[in-house]
Amino acid sequence: MTAAIPSIALVGNPNAGKSSLFNALTGARQKIANYPGVTVERKAGHASFADGRPLSLIDLPGTYSLTPASLDEAVTRDVILGRQAGETRPDALIVVLDAANLDNHLCFALELLALDLPTVVALNMVDLAERDGLTLDPERLSHELGVPVVPTVAVRKRGLADLLAAVDAAIRSHQPREAAAGPANDSALHQRARAIARAAIVSETPVRRWTQRVDNVVLHPVFGMIILLALMFVMFQAVYAWAGPPADALEALVGAAQAWVVDNVPQNLLRDLVVEGLLAGVGAVVVFLPQILILFLFILLLEASGYMTRAAFLMDGLMGKVGLSGRGFIPLLSSFACAVPGIMATRAIPDEKDRLTTILIAPLMTCSARLPVYALIIAAFIPDSGVGGTGIGLQGLVLFGLYVAGIVGALVVAFALRRTVARGTGAGFMMEMPRYQMPRLRDVALGLWQRAWIFLRRAGTIIAFTTVILWLLLTFPKAPEGQSQVDYSIAGRIASGLEVAVTPIGFNHDIALALIPAMAAREVAVSAMATANAIDADGDEEAMAQTLGERLQGKWSLATALAFLAWFVFAPQCISTIAITRRETNGWKWPLFMVGYLFALAYAAAGITYWTAVAFGLG
Ligand SMILES: Nc1nc2c(ncn2[C@@H]2O[C@H](COP(=O)(O)OP(=O)(O)OP(=O)(O)O)[C@@H](O)[C@H]2O)c(=O)[nH]1
Ligand SMILES: [Mg+2]
């Protein structure tokens, strides 16, 4: 023994439960600092053996092997080997293994055992293994590894006394071996690990074996990613492939209602308000209900089947690379419905800067309010055809691209923020993988119903309200005979002012008019254009018979349409998001920063898209 107080290091793969064990063993007796010269957390604490003798514990970052791939891992290795400045070589190791992941975790454990320090294995998370139908034999494992194995449940403080007793005994009885006999190479190591893991299994239910096999593919860094992308891809294809008939039916319904009012109510201001503002404007948004429901049907099914947590696990690595923590996944995922609850959910992120970064990028996740805008423009400007005769719908592909653009944008921004205003690094976190199961029809139906209700309530409140205000601003003052009512109106004149600023990125008067009211809610961009078009078409039979998409098609270039889509990927067109950011960050600084950077990105993205498209002759 090198010190009066033995020092013991907790080592193992990421998420094995080292920190949980460390916390359970040391309680409040811990100190967190950085290793000298590096920004890797050094967590040290005190505990005592059963007879009261003290020991000191070090919690190390998770590592996959002794060949370091990152700074965290380099520090872990240096500490274990006694090369880390300011740290003496530990007197013993507690190798923490996730019982449910034995074959993976045993690889590193075998490497550690070859170091020939006094070692005890904590077979952690046995509760989860049992829940999933896996029973292990610690004795057998101990026999195979040649060191004591103690089953533990760190979060329930189970097995801690046995663990410390085993450590004590291991330090006392340790006899250095002649030569460490570790497996010769990587593949031999894996094989040996797998063989030991198999030997240690007492029983495994078929469900667990099956789950394990599926997970081996679904959680694979390459195949898993391909599957995730493929699922997303299919989802967006379906949005277009399936929404057609119901969307057409809804559109016809809105059209019929308009015609009925026009035929049966004498012309007056109120009738115009109803026809142009409510039916044309709000109706133009409501027709996208089928698309929204198809999207959420997929999300609900993926969630209920147990796949979503796997997707989170896959993304966790990527998020860590840009400095986000895995805890940000759920807030960001819910931001696909709406950034407001997403931003509120960031409260679960303990690190302030980490949380701030997650808040600042949440609006880049494509919320469902963008869908009507995307869907309108895509339906009008992207041909409804297969890509190169493959049967892959081009429209769905573009929609997929817009979602991906938001995600990639968010990752890039997070990367930049974590190196500047919100400096810090990411940290993985561990999620318990739920069982795979058949989604229950009732739950999915209920989820869809809730989504539909949220959407329709928005249409009936904020969207209707904003559209009515806009209708007023578009209707007054009355234009003299022969002049365009839209151009002459208050809203039209404000739009003309704004148009100057957005012409360089290819935007026209229609878009300029929609941008300001769309701050209330993104869908208003659609209702605003529909209302303006209805007012514009007033009396013109042919124009009135056209859908909004057809009208836009006749007026906009493809370059403008694409620029408008690019704008909506980034633009913070949502007052609620800005307000919630103010509330959650206690001040105006960060919401203003967010609005500033997002508008700047939106402007740049729209401009680049427009001029690139023009260069390709699409202007
Ligand atoms: N059910 C159960 N959960 C556990 C157990 N031990 C740890 N956990 C959970 O597993 C997750 C990861 O635990 P940590 O202690 O952070 O793992 P770690 O090994 O320190 O991870 P890194 O520091 O990232 O390498 C946490 O959410 C814990 O609550 C256990 O025995 N049973
Ligand atoms: Mg830890």
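**Exercise 1. Overall build**

Among contacts in the chain between residues at least 6 apart in sequence, what percentage join residues at least 24 apart? Then describe the chain as a whole.

Solution. This is a predicted model, in which local features need pLDDT of at least 70, side-chain atom pairs count only at pLDDT 80 or more, and totals for chains, interfaces and linings use all residues. Residues are numbered from 1 along each chain as its sequence is written, chains are lettered from A and ligands numbered from 1 in the order in which they are written, and side-chain values use heavy atoms, leaving out hydrogens and water.

Step 1. With contact meaning heavy atoms within 4.5 Å, the share is 73%.

Step 2. The chain holds 27 helices and nine strands; these are DSSP runs numbered from the N terminus, helices being H or I with at least four residues and strands E with at least two.

Step 3. Along the principal axes, the C-alpha atoms fill a box of roughly 105 × 50 × 45 Å. Domain 1 covers 7-204 and domain 2 covers 453-548, with bounds from an automatic or database domain assignment. Their C-alpha centres are 65 Å apart.

Step 4. Of the 619 residues, 51% are buried; buried means under 20% relative accessible area, exposed over 50%, and partly exposed in between (1.4 Å probe, protein chains only).

**Exercise 2. Nonpolar cores**

Find the residues that touch the most other members of the largest nonpolar core.

Solution. Step 1. A nonpolar core is a set of buried Ala, Val, Leu, Ile, Met, Phe, Trp, Tyr and Cys residues joined through side-chain atoms within 4.5 Å.

Step 1. The largest has 122 residues, and those touching the most other members are Ile361, Ile377, Leu399, Phe507, Trp556, Phe564 and Trp567.

Step 2. Take Ile377: beyond its neighbours within four places in sequence, its contacts are Ile382, Leu552, Trp556, Ala561, Phe564 and Leu565. Apart from this core lies another, of 40 residues, including Ile80 and Leu134.

**Exercise 3. Ligand 1**

List what surrounds ligand 1, then its polar contacts.

Solution. Step 1. Ligand 1 has 17 residues around it, counted when a heavy atom lies within 4 Å. Gly17, Lys18, Ser19, Ser20 and Asp127 come nearest.

Step 1. Helix H1 (18-26) and helix H4 (126-131) each give at least two residues to this shell. H1 provides the largest share, three residues.

Step 2. A polar contact is a pair of N or O atoms within 3.5 Å; within protein, one must be able to donate a hydrogen and the other to accept it, and residues adjacent in sequence count only if both atoms are side-chain atoms. An oxygen atom of ligand 1 is 2.7 Å from an N or O atom in the Lys18 side chain.

**Exercise 4. Helix H15**

Why is helix H15 largely enclosed by the rest of the structure?

Solution. Step 1. H15 (residues 352-361) is largely enclosed because eight of its 10 residues are buried.

Step 1. The cover over these buried residues includes helices H13 (329-334), H14 (339-345), H17 (394-417), H26 (575-585) and H27 (589-615).

Step 2. Arg355 sits in H15 and, at 10% relative accessibility, counts as buried. Leaving aside neighbours within four places in sequence, Arg355 contacts Thr346, Arg347, Ile349 and Glu584.

Step 3. At the start of H15, a side-chain oxygen of Asp351 comes within 3.2 Å of the backbone nitrogen of Lys353.
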